Amino acid sequence: MPERVTVTVNGARVDVACGSTVAVAMILAGQPCRASVNGESRGPLCAMGICFECCVAINGVPHRRSCQVFCENGMEVRTDG
Amino acid sequence: MSDDGYEVAIVGAGIVGAACADEFARRGLRVILIDREAVGSGATAAGMGHIVVMDDSDAQFALTHYSQRLWQSLRPELPEDVEYDQCGTIWVAADEEEMAEVRRKADYYSERNLVTDVLDEAQLKTLEPNLRPALAGGLLVPDDGVLYPPCAARVLAERAQQHGAKLQLGCAVERMEQGCVQMSDGHEIRAEFLVNAAGAVAPALTPGLEVKKRKGHLVITDRYPKFLRHQLVELGYLKNAHAVTADSVAFNVQPRRTGQILIGSSRQYGAEDKEVDHDILSRMLQRSQEYMPALGSMSAMRTWTGFRAATPDKLPLIGPWPGDKSLFLATGHEGLGITTSLGTARILVDQITGAQPEIPIEPYLPSRNAKEQVHA
Ligand SMILES: Cc1cc2nc3c(=O)[nH]c(=O)nc-3n(C[C@H](O)[C@H](O)[C@H](O)COP(=O)(O)OP(=O)(O)OC[C@H]3O[C@@H](n4cnc5c(N)ncnc54)[C@H](O)[C@@H]3O)c2cc1C
Ligand code: FES
């Protein structure tokens, strides 16, 4: 298993240690996750799949909880629609 | 202790009671609106908020059509958070048999001055691309809409208060009869007219009233903007909803302004507890995916249940309760009380003030229910 994996967050490459969740990639990328219904930025809060504040689109599937998904090489993460 | 000086005391501040309070107050009557909990916290908080014209019977059509027009004229006065959107309904026909029903419905509506549009398979696909292929078509009713019921109830209660109505929350009513409302804290409120608008629990306050609870489940998804544009209801719904005893599910989905999708619907008799019933819930979601397969990959945020107030003939009870001259009913609205709240308020207040109602009221009078009981 490679020690590092690379994903993209809104098109920008992010390198993370193997075994990191997408939430970690979001923090390293300095990007917020979902937007609230009023447009406020949200990010990981509970890190255990309960709060849904860390949702992002992963490989085109919207509303995935980034704290519950491990990074894989080439994964595309988006928060911009 | 007693509070006097009211002409009308309404028990139940759901959307029906709130609409009645608004109508009474605007016509100059001194009214108090009472609820043991918050405004719009009963079935009103659980409902879908589909403002829909239905034609199970002529009387049902008359009241829903009248009410739909009242909602449209109220629309400019509704604040943003009521989320009124005139998205239209599409009655979805799966096969030729249901297309025949589409054409019957279109004729029925157009004879009564309601505009509709018969859709073939291709037109249906264009309007709602996420429906499965090979459906027969549908009927678009462009004047139908959706709103967010608890906020609508709040707005109606606020309007009532602006016209001088009093709102009393947080104390249950134990009895209401002979011009007197007895509160659980011992307090009494007297009024010339009492209105039982307690929804599905109305019989607890007016024994002998034939209203039964009919449980429903709803699911709300996360936000998927533009996935769905109209409220979609399967026409098989009619066959299902007509079954008065068996549990049933139907494809019924609603676009919310946030991009969320509200998924219904189920109907159950004899289920008195609020718990989510996973068997009927999975049947309901299965049914919705038969029509819209992509719903299956969406994430659901919340599931809940609510109770419709069902009468034996599926028409609401609006008018005097035989045997107590002070007592009037405004309940039994089954799955249409959000829609018919405004029409109900009009014709109830017409009866009490002696004004001429704009639609015939006989089909909704509680005395028809009492007669049935005698014969039953
Ligand atoms: C799943 C579901 C989906 C639905 N979808 C739709 C839809 O799309 N369109 C539509 O038009 N309708 C719909 N309905 C129906 C609609 O929600 C109801 O008909 C409507 O909310 C009834 O309003 P109400 O004011 O009569 O009753 P409620 O909202 O139940 O109000 C009754 C009030 O009385 C109060 N109360 C009761 N007992 C007492 C007491 N002893 N003392 C003091 N207060 C008391 C309660 O606290 C409550 O607030 C749906 C219903 C369900 C369950
Ligand atoms: S951080 Fe709470 S669900 Fe992911």
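A salt bridge is here a side-chain nitrogen of Lys or Arg within 4 Å of a carboxyl oxygen of Asp or Glu. The structure shown is a predicted model.

**View 1. Salt bridges between domain 1 and domain 2 of chain B.** By this rule, three salt bridges are found across the interface of domain 1 of chain B and domain 2 of chain B. B:R267 forms a salt bridge with B:E334, in which the closest N and O atoms are 3.3 Å apart. Because the rule requires a nitrogen–oxygen distance within 4 Å, the pair B:R267 and B:E334, at 3.3 Å, qualifies.

**View 2. Polar contacts and the domain 1 side of the interface.** Five residue pairs, both members at pLDDT 80 or more, are in polar contact across the interface of domain 1 of chain B and domain 2 of chain B. On the side of domain 1 of chain B that touches domain 2 of chain B, helix α2 (residues 43–46) of chain B gives the most, with three residues. The residues of that side comprise five nonpolar, six polar and three charged.

View 3. The domain assignment divides chain B into domain 1 (2–47 + 149–210 + 313–375) and domain 2 (86–143 + 212–310). Their C-alpha centres lie 29 Å apart. In contact are 14 residues of domain 1 of chain B and 15 residues of domain 2 of chain B. About 990 Å² is buried between the two domains, and carbon and sulfur atoms give 58% of this area. B:A46, B:A200 and B:E334 supply 52% of the area that domain 1 of chain B buries against domain 2 of chain B, more than any other three residues.

Conventions: Residues are numbered from 1 along each chain as its sequence is written. Chains are lettered from A and ligands numbered from 1 in the order in which they are written. This is a predicted model: local features need pLDDT of at least 70, side-chain atom pairs count only at pLDDT 80 or more; totals for chains, interfaces and linings use all residues. Side-chain values use heavy atoms; hydrogens and water are left out. Domain bounds come from an automatic or database domain assignment. Contact means heavy atoms within 4.5 Å. Buried area is the accessible area (1.4 Å probe) that two parts lose on being put together, summed over both. A polar contact is a pair of N or O atoms within 3.5 Å; within protein, one must be able to donate a hydrogen and the other to accept it, and residues adjacent in sequence count only if both atoms are side-chain atoms. Helices (H or I, at least four residues) and strands (E, at least two) are DSSP runs, numbered from the N terminus. Ala, Val, Leu, Ile, Met, Phe, Trp, Tyr, Cys and Pro count as nonpolar, Asp, Glu, Lys and Arg as charged, and the others, Gly among them, as polar.
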